[in-house]
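Welcome! Take a moment to look over the structure below, and then we will walk through it together, topic by topic.

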Amino acid sequence: MPRPLTLHPDRLLPADPATRTLARELYASVASLPIVSPHGHTDPAWFARNAPFGNATELLLVPDHYVFRMLYSQGVPMETLGVRNPEADPREAWRLLASHYHLFRATPSRLWLDWVFAEAFGLTVRLEAETSDLYFDTITQALASEAFRPRALFDRYGIEAIATTESPLDTLEHHAALRKENARPGGWQGKVITAYRPDPVIDPEFEGFQANLARFSDLTDEDCGTWQGYLAAHRKRRAFFAAMGATSTDHGHPTPRTADLPLAEAEALFAKVAKGPCTPAEAELFRAQMLTEMAAMSLEDGLVMQIHPGAFRNHNARVFQRFGRDKGADIPSRTEYVANLKPLLDRFGNEPGLSIILFTLDESTYARELAPLAGHYPCLKLGPAWWFHDSPEGMRRFRRMTTETAGLYNTVGFNDDTRAFLSIPARHDVARRIDCGFLAELVMEHRIEDWEAAELAQDLAYNLVKQAYRL
Amino acid sequence: MPRPLTLHPDRLLPADPATRTLARELYASVASLPIVSPHGHTDPAWFARNAPFGNATELLLVPDHYVFRMLYSQGVPMETLGVRNPEADPREAWRLLASHYHLFRATPSRLWLDWVFAEAFGLTVRLEAETSDLYFDTITQALASEAFRPRALFDRYGIEAIATTESPLDTLEHHAALRKENARPGGWQGKVITAYRPDPVIDPEFEGFQANLARFSDLTDEDCGTWQGYLAAHRKRRAFFAAMGATSTDHGHPTPRTADLPLAEAEALFAKVAKGPCTPAEAELFRAQMLTEMAAMSLEDGLVMQIHPGAFRNHNARVFQRFGRDKGADIPSRTEYVANLKPLLDRFGNEPGLSIILFTLDESTYARELAPLAGHYPCLKLGPAWWFHDSPEGMRRFRRMTTETAGLYNTVGFNDDTRAFLSIPARHDVARRIDCGFLAELVMEHRIEDWEAAELAQDLAYNLVKQAYRL
Amino acid sequence: MPRPLTLHPDRLLPADPATRTLARELYASVASLPIVSPHGHTDPAWFARNAPFGNATELLLVPDHYVFRMLYSQGVPMETLGVRNPEADPREAWRLLASHYHLFRATPSRLWLDWVFAEAFGLTVRLEAETSDLYFDTITQALASEAFRPRALFDRYGIEAIATTESPLDTLEHHAALRKENARPGGWQGKVITAYRPDPVIDPEFEGFQANLARFSDLTDEDCGTWQGYLAAHRKRRAFFAAMGATSTDHGHPTPRTADLPLAEAEALFAKVAKGPCTPAEAELFRAQMLTEMAAMSLEDGLVMQIHPGAFRNHNARVFQRFGRDKGADIPSRTEYVANLKPLLDRFGNEPGLSIILFTLDESTYARELAPLAGHYPCLKLGPAWWFHDSPEGMRRFRRMTTETAGLYNTVGFNDDTRAFLSIPARHDVARRIDCGFLAELVMEHRIEDWEAAELAQDLAYNLVKQAYRL
């Protein structure tokens, strides 16, 4: 007999009965607020084309590195899951997930997937070996229906706005199509915008960097062989992204190092990295200089900067070689913000028009570095618990370690940062529950009043993200 | 209608009802114990002169970097708050605080200020834009009364002893006046003592270091152009501070690095830094050597050493340039104790007469480095959660991460470390509540007995600080 | 009147009543499962000879560095406790422990000792100055009885298997005797196995390293003056250890650095360190290379690798000089895994046959480095909270910071890692209680189902350790 699957209405709320009662009321007041998703990695083609998703495996297993990294860690070969392997039978791959589903106990993936299974697909029994085919068939069948097309799901889950992330080399054709669709009388009104992620033309260690610069020149009619031409190309491309709705840039550097070189040195460094090869130290210095240049451009064009540092990308050499990027083998590293950000802050830290949102994979920096920085510099805000820390315990640690020094108004609400479309409402639901639990605890200890908690619940779920991302 | 302001009697106690009942009893047993404040930055002139404080802004806003750093982070210019700006209208400055008071939700500043508003000034409505003038007038008026003079407040809040912090270059005239006052028949008996903070004559990177050495020579009649003369000057000045009640020294170095150089090297290094200029590495090495020299002198004269490392001072260059030191722009940095303290410990670590109290701004060192060190070396004790971590969550993390390895008897009670006089009773109240909650949790889990918790509550609130600081 | 000593049946279970009820049920289902102790430092001679233990001091005080480090930190000289001092009167030493027993309030030592006093020796009053002699006599008298011989205690506490830890230079005579005893008709059936801890012949900075290599040659009939001979000696000795029951190796390096040098470089490096002297950097590189060599051999012979890095050994120079190793003066240090393990992982990280269990003394690596690594690499598992973190709060932090990313199935159950024999059942009891409390909290927040918690309780207490250590 398969075990029943139900989503308990009090899930993730604190166990203490009085605290739970309070948290439940707070949650009820924000549960159905629109979702604003200012940072993520969904595919704009989904919404531009509105083609049906394929099957269960294609939608929920293959694109989700949280899921296959755990399976891989317990000896399930990735190719059998269909990762970079079109030969794999999706039904068999799904059976592997089903028979290993106990591995996800007490992980956020389990919370998100169970939400999707129950809430999106109406499944009422748990995923296990015995129910694998029932799941595969139910999900795959649903995906063929109109109600499960991307735009229908976008509307069904109350998404008010979603940002995707694109390289400056992207033509943004899907975003252009979406702009037209929005403008068409009777057209779909979903707000899908882009964000400017220039790593491929900023990071000299990115695959194909020199070729990328060449293409950057072509796209912008600027000479990216010169420092001034290269900067002009960024300005043009940022303007184009802004025209496609972008309100932010995003920078995924190994470290948050910044620099503020004299013009001649910056020019010489650019000449070196543009021609290649350069040393790792030069590559790092160039990325550092570019964060400051990007801040300068943000002051001009108003795009909010996001800095996402600290991932050691593609740590598993063989997995990278065989399966490529983003296959669950990125590992966080110790990260230093205080000295690293100083050059940028010395130049722009007191500019009222600048807004920089800092993220981290190193929780030891929450109370020590990030909250003190954001609690002082007018240009700095703290992004939410990110990636490995986007989880109930991770979110609690974030709130407990940042709030007392940075306050809640130097944070920016929730980011789902996902490639797994249906996990978006699931993740926002987790964030709202955890934040309401946190606020309820503050009220129970008389650290804030109940009416303040009610205001804050709205702010954390909806208002802050709109302000911070200028949406 | 303004919202009511009340201080809930159970504030900061754990939410679980049985735990709260226990915590409430423990707290009741220590709530009215005298306050011993062994480390802080109040102005001895307040108590020597006993002049009335000025207005609300002057007392509560301008000297409190916790308060204006948060306002500044949200775009309120510091000059409008009256920071280094005598032109600013204090009533207008107070209105800025009032209209931004929501920013402090869930921060310790809010807890301290609300305590001061309700407990010290009897205010019964919350601070907000609408009540700003009521607050300003109520507080300012009260301050003109006898009951709000410094000595009256000192007595009213049951302060048994308070230590201020002075440079060796300070003449300690206010402390001398206080000694006389104490000795005068019928004179005020408040115990206000000093502490020896020699950073200005120990840190070669301190503003005016060479001039400070010259003045150090003048004050002591020693030749601070020589290593032996310089050390003799310290000995003399320490003796003078001890005569003014000092029982401790305090060292605010960037890192806790120590060194134990051969005499000839120490002499040569001193010659270099005394003449200037020196490299950052030489400055660091000199500070390191001086911690060991100070430990040697503490063995002679019995002054307890406090080491407060890990702040990147004046991180915001423009704020430092315009507003000076201590304006909320000090940011914690990663700190290493195990290798850094070894030279000093190799020399004096096993001396029964030596006592060194360690502080940190890097909580990742609590369980990893500080508790193991203090749980072994006879000379080491742990100072309480400090500065950014002097908060409910910060104090809980301190207890949870240090107690199991260092025990409670290698800690030293609470330090308020404040420039904001009225926050002293507010902060000690927070500490007592959090510690009693922590003890109640231990009892509830049967990790200690209830009668042990009762003893420990007294120890943490009163006994340990007196022993540790030899008061 | 001495205070009563009782072990509350709900000790260490969460305070919230509903959570406690659930935790109590889970705990009841695992409380009497057999103990599997795969890593520790008990003396195999105890079980081989089965001689009675001596007196209370000899059994419980002198071998327990947790106990005397705390006493030493509060000024009790170690020689008075009998540490390296046969002159010390054991009854007087015990009186020192008794009169300072309050120092252990809220520490794990107190939990373990009280368990031993009440559960093993049936004491019903608390240890304090007044009851010191009662304790000393009761315990010492009991130890003379048959019921308190090592094998009887082993059986009484349901130990299914225990691993000791030996150097490759150990002759394993006690293990050989135990193998014979096990095989003898009617012989004792206790399973006591060894583990291969090659630090003395791998770490060029180990006392007597060159002499150790000479003895390594003698024992193995290999020429440890050559790289190939040295590796062959390891292979032979590992096989011998495996024959004495070993299923694991153990590596206590200062850091988890690994290397994968070309053969010629490895040979040259070995030649240098074998001859001596070498630089600290060369010593570190050699240890790094040897971790990779040990992994290669584990692939051949199936021994599970354990890496225990991050202790600054013998930090207190005078204590080391006078009292030797393992006297409570080892201090944890910041530890880096992501870059350090990469060379080994690049070579063997994806081998399904390899199993490496990682430990840490640096909790900041739990969520940042260790959980992400173990949640991806098939060869990696996480050892439990270790040494200073083998405590209620430490275990909770371990679970809260690793579970969401690594899952529970990439962990390996509990290790007691102790020299204090009677603390083994006490420690396993603490671990089971804390894990059941953690699982109950997950159920209360509907993050797992109750039937899953029941399965997981069995897994964490019994199944995972057997699988991970191939027992």
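## A first look at one strand

In strand E4 (residues 248-251) of chain A, A:Ser248 and A:Asp250 point one way, A:Thr249 and A:His251 point the other way, and all are buried. In general, the side chains of a regular strand alternate between the two faces of the sheet. Please keep in mind that this is a predicted model.

**The partner of E4 in chain A**

- E4(A) pairs with strand E5 (residues 304-307) of chain A in the parallel sense, over four bridges.
- Which residue of E5(A) is the bridge partner of A:Asp250? That partner is A:Gln306.
- As background, the strands of a sheet pair through backbone hydrogen bonds, and the pairing can be parallel or antiparallel.

**A three-stranded sheet in chain A**

- Chain A has an open sheet of three strands, in the order E1-E2-E3, with parallel pairing.
- Its edge strands are strand E1 (35-37) and strand E3 (192-193) of chain A, each of which pairs on one side only.
- Strand E2 (residues 159-163) of chain A runs parallel to E3(A), and two bridges join them.
- A:Ile162 has A:Val192 as its bridge partner in E3(A).
- Helix H19 (residues 423-444) of chain A lies across E1 and E2 of chain A, and this helix runs at about 105° to E1(A).

**A four-stranded sheet in chain C**

- In chain C, four strands form an open sheet in the order E4-E5-E8-E9, and the pairing is parallel.
- Which strands are at the edges? They are strand E4 (248-251) and strand E9 (380-382) of chain C, each pairing on one side only.
- From one strand to the next, the twist averages 25°.
- Three bridges link strand E8 (residues 356-358) of chain C with E9(C), in the parallel sense.
- Within E9(C), C:Leu382 is the residue that stands opposite C:Leu358.
- Helix H17 (residues 364-374) of chain C lies across E8 and E9 of chain C, running at about 130° to E9(C).

**A buried serine in chain A**

- A:Ser132 belongs to helix H7 (residues 132-143) of chain A.
- Is A:Ser132 buried or exposed? Its relative accessible area is 1%, so A:Ser132 counts as buried, the cut-off for buried being under 20%.
- The side chain of A:Ser132 reaches the backbone nitrogen of A:Arg95 at 3.5 Å.
- Apart from neighbours within four places in sequence, A:Ser132 is in contact with A:Trp94, A:Arg95, A:Ala98 and A:Leu127.

- You can find A:Arg105 in the loop between helix H5 (90-99) and helix H6 (108-120) of chain A.
- A:Arg105 counts as buried because its relative accessibility is 4%.
- Its contacts, not counting residues up to four places away in sequence, are A:Arg110, C:Tyr409, C:Ile448, C:Trp451, C:Glu452, C:Glu455 and C:Leu456.
- With one of these, C:Tyr409, the side chain of A:Arg105 makes a polar contact, side chain to side chain, at 2.9 Å.

**Where chain C meets chain B**

- Here 50 residues of chain C are in contact with 44 residues of chain B.
- Chain C and chain B bury about 4100 Å² between them, and carbon and sulfur atoms give 51% of that area.
- C:Arg105, C:His315 and C:Arg334 supply 18% of the area that chain C buries against chain B, more than any other three residues.

**Where chain A meets chain B**

- How many residues of chain A are in contact with chain B? There are 44 of them, in contact with 50 residues of chain B.
- The area buried between chain A and chain B is about 4100 Å², with 51% given by carbon and sulfur atoms.
- On the chain A side, A:Arg368, A:His376 and A:Glu404 lose the most area to chain B, together 18% of what that side buries.

**How the copies are related**

- Chain C is superposed on chain B by a rotation of 120° with 0.0 Å of shift along its axis, at an RMSD of 0.0 Å.
- This is the relation of a three-fold axis.
- These copies use different surfaces, since 6% of the contact residues of chain C recur in chain B.

Technical notes. Residues numbered from 1 in each chain as written. Chains lettered and ligands numbered in written order. Predicted model: local features only at pLDDT ≥ 70, side-chain atom pairs only at ≥ 80, totals over all residues. Heavy atoms only, no water. Pairing = 2+ DSSP bridges. Contact = heavy atoms within 4.5 Å. Axes fitted to C-alpha atoms, helices over the stretch in contact; angles between N-to-C directions. Least-squares fit on C-alpha atoms with pLDDT ≥ 70 in both. Buried < 20%, exposed > 50% of the residue type's maximum accessible area, 1.4 Å probe, protein only. Polar contact = N/O pair within 3.5 Å; in protein donor to acceptor, adjacent residues only side chain to side chain. Buried area = accessible area lost by both parts, 1.4 Å probe.
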